[in-house]
Amino acid sequence: MALDKQTVAKVAHLARIKVPEARLESLAGELDGIVNWVEQLGEVDVDGVAPMTSAVETGLRWREDVVDDGGYAEKVTANAPDAQMNFYTTPKVVE
Amino acid sequence: MAEYRLKGETGEWEVVIGLEVHAQVTSQAKLFSGAATAFGADPNAQVSLVDAAMPGMLPVINGECVRQAVRTGLALNAAINKVSVFSRKNYFYADLPQGYQISQYDQPIVGEGEIEIDLPDGSTKTVGIERLHLEQDAGKSMHDQHPKKSFIDLNRSGVALMEIVSKPDMRSPDEAAAYVSALRSIVRYIGSCDGNMAEGSMRADVNVSVRKPGEPYGTRAELKNINSVRFVRQAVEIEALRQIEILENGGTVDQETRLFDPTKGETRSMRNKEEAHDYRYFPDPDLLPLEFDDAFVEACRDSLPELPAEKKKRFMESYGLSGYDASVLVADWEIAAYYEEVAKHGDPKQAANWVTVELFGRLNKADKTIADSPVSAESLGELLALMADATISGKIAKDVFDEMFETGRGAKAIVEEKGLKQITDTGAIEAIVDQVIADNPGQVEQYQGGKTGLIGWFVGQVMKASQGKANPQTVNELLKQKLDG
Amino acid sequence: MTDLLDLTLTDARDKLVAREISSVELTDAYIKAVEAARPLNCYITETAERAREMAEASDRRLKDGKAGALEGLPLGIKDLFCTEDVLTTAGSHILDGFKPPYESTVTRNLWDAGAVMLGKLNLDEFAMGSANLTSHYGPVKNPWKRQGDDKDLVPGGSSGGSAAAVAARACLAATGTDTGGSIRQPAAFTGIVGLKPSYGRCSRWGIVAFASSLDQAGPMTRTVRDAALMLGAMAGFDPKDSTSVDRPVPNYEAALDGGVKGLKVGVPKEYRVDGMPEAIQQLWDQGVAWLKDQGAEIVDVSLPHTKYALPAYYIVAPAEASSNLARYDGVRYGLRVDGDSLIEMYENSRGEGFGEEVKRRVLIGTYVLSAGYYDAYYLKAQKVRTRIAEDFAKAYQQCDVLLTPATPSAAFGIDEEPSDPVQMYLNDVFTVPANLAGLPGISVPAGTDDQGLPLGLQILGRAFDEETVLRAAYALEQAAGFTGRPQFQAG
């Protein structure tokens, strides 16, 4: 399927990136070029091949159930563009 | 149990219900970070750099959450997957700092299982479990602090949840409610979740559809975040009726998410605020597959206490209880433990009766739970022992129990102090019996003339004269002996 | 002054330990060099004051005989590593003003080893690029120029600032990160050494994530010995990174000796790509001869899925990036561009905060993961990745290391960037396979093209066999005797 303007607009919305209407067409062309290029993977026979899940051959390590972090609301909100009373803020979400 | 059918204008309808229950795992720290999980902290006070999704932060799994998920899976008689995978569920929301939730998708930690639920008429039903997976909870948005802004607190962000998905096996509001109760009972027994629905440690998404009996499943609506067993029951019924009305008027049910409003007694579509979702699940590259061996699973199994269903069976077998009494007693492990302590001191059936009727009645009236009962199990056992050795009668026992409940004092002390000991001395009772016979020649004549039903009246007179302390059996025997003799 | 800047990392270490020079002296020289190198635009943030303080502390430890492995050595840090209380940008507008309240594990390891921080180095935005042209802070200029041509060239990317700074003597060595070649390619373009360790060797904790299953930090230095020294300090197990591997860090410097006699060096035929400049083919042949002359056994090997590495990479990396970059939403740090609703605020902040290449990759990544396409793209790419890893595993049954060119071309002009993104991506053709398979690789400057620009050769090794990779690279370096200097040198 060709990656058209409408698809780009939809994907951009999914990714929450504002793309000016005027840019959609050219972006669709660029993305379509990339997608067409990666489609050469279709040539590879991967029957019975397991997808790679990790580049390391080791098991997942578990942490102990101990509280050893947090307790620094000022620190986690220090960089926030608009923190108030140690809360983060966003434009009002209507529920 | 009788089949539940809703009557519509076009005939009878069957309700089909499946549930997704989110249960917060009991753990000190979060699923992927070392921040605390306790309820009610100051805003963002229990947020680590990982929970705030700072650039470059990475998740490391909390082993206790894995253990609790496996234990819960075993308690649900479910298949345990020794290899499972964490995936990212991608979507943007104010309370989702990473822009994705780490969850499990096509390879959950627990697979299919089943549990038995107890229905109000004493019957039981088996409900299938589809899966259980581990995932992160989101933070919390507050909308009433500021006219134009929402405030975000990430204390809950990253807390471990178990999502337990049932098969669409339930067919009535009672069954749905019983299922939630059963799940709650199980997780509380094994300690994998505190089951506190009011604080949100357990909440249910309920999928409801209706169909004419025998027809294929209808389109379902999902009722989000229901936080009490009672609301589950109400929501199912209200939603089923809504769907029937639509269908009978020639409409179609939309597959959508709805909100149950208990105050208005209605469900509302959440569609307008919801975008078309495309979660773009893929395995989280920051985490490797989660793996453990059989020994770990067996250690989890060995750590399980007796579960409600087993306990119920044992109560029926060893105490001779009815299925209903047993299910009431085992629903909560604290009650079951209380009961077993009481039953040590007297007749087990009598003990069941005293716990479920006398104790529960008084607790309900006082708005108390078993945990804060003024009468300990040992105390109630002592009371039962006094009845068993005929120190007091059942009638006196109830008065003593009132006093115990009121004051928290022991049964023996109250009986001693108030002189409530049953009179078992035959001589003393005989004297009272003789007196009653002597005082009531008219009744004696009637009795001996054939109105033998008056025996009850005579017993009452003797009991009254003895202030209730005479052993009723002895009174009965002596009266018969003297009147008939 | 110039003498100080000409010291290698290991030479400077030796002189510091011998107390022939002081860290303050050395650091001051570099602070001046950093200023002098400003026309190259390699630093986003200079931390001269902090460098001074760290150097003074180092001198005290040197005096007390408590020197760490990198004591008193001034380094540049790619601005993808979070550094406590120091602006960290990832080359992006969206991280405006972000001062991390934490230090990445790798930089923490460096400071614990006594290293001195000169500043934060420019890079492609979120490490997405091969020419350092996508940074919000402007392009970095390669200190090298073509003979008789004043045109500004790219330093490669994404660790372009690191490469340019090391080459121009604006730091003694630098950290880089390599997701698809971001250490090795700019190293080759600037005539320095760049080492990408095995995936899991260096902690990713505190490094702004691009593609989690591929990202790996490594050293960018002037010599192979320097790389060995610096890797030893950067590497190590980190319980905070679930993909960090718990195995001891060997003495890499000690591994350099011993030569390549008997070492089996594989030459993969699939790396002979169409349109590769003659000079690169010649250099590769020369590299083979150098190693053979030193007693290595040359083996022809085949990595049949090589041509699919790039397309697989351009699915996996953008897919992971699209998710990793979701956290830049204007709520907790960085740029916020307001909007009437939450969604508008997100779209405005991300629309304005991300540059064109980042947007392109996030959109591609979002697309290949979206409903209905996952199996065809992402899953397929991960299966191809398995095939590529299998190719390497088979090759390593026949040989110990692989020798390949590092890049298919020398550095190109800033105005010569291909407008077609796919053409641009081809820069990574020789470097990407190692990332997909998690293997270590090093780029060693080995010669120049006919215009006098440096070219690199690449040694690839088995996972966690950095020692053999370094040993082969050292042998190559000795044989090549590359002494070229860029036209621009600080100080």
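In the predicted model, helices α8 (residues 224-234) and α16 (residues 466-480) of chain C pack with their axes 9 Å apart, at an angle of about 160 degrees. Because angles over 145 degrees count as roughly antiparallel, α8(C) and α16(C) are assigned to that class. On the α8(C) side the contact is made by V224(C), A227(C), A228(C) and L231(C), which meet E466(C), L470(C), A473(C), Y474(C) and E477(C) of α16(C). By class, seven of the residues in this contact are nonpolar and two are charged, with no polar residue.

Between chains C and B, 32 residues of chain C are in contact with 25 residues of chain B. On the chain C side, the elements that give two or more residues are α10 (309-324), α11 (342-353) and α12 (356-369). Of these, α10(C) provides the largest share, three residues. The chain C side of this contact comprises 16 nonpolar, nine polar and seven charged residues.

The largest nonpolar core has 279 residues, and V206(B) and L75(C) have the most contacts inside it. Helix α2 (residues 173-190) of chain B gives the most to this core, contributing 11 residues. Leaving aside neighbours within four places in sequence, L75(C) is in contact with L110(C), with A115(C), V116(C), M117(C) and L118(C), and with C171(C), L172(C), A173(C), A174(C) and T175(C). Another core, of 36 residues, lies apart from the largest one and includes L329(B), V375(B), V400(B) and F405(B).

Technical notes:
Residues numbered from 1 in each chain as written. Chains lettered and ligands numbered in written order. Predicted model: local features only at pLDDT ≥ 70, side-chain atom pairs only at ≥ 80, totals over all residues. Axes fitted to C-alpha atoms, helices over the stretch in contact; angles between N-to-C directions. Helix = DSSP H or I, 4+ residues; strand = E, 2+ residues; numbered from the N terminus. Parallel < 35°, antiparallel > 145°, perpendicular 65-115°, else oblique. Contact = placed C-beta atoms within 7 Å. Nonpolar A, V, L, I, M, F, W, Y, C, P; charged D, E, K, R; others polar. Core = buried A, V, L, I, M, F, W, Y, C linked by C-beta atoms within 7 Å. Buried ≥ 20, exposed ≤ 12 C-beta atoms within 10 Å, placed from the backbone.
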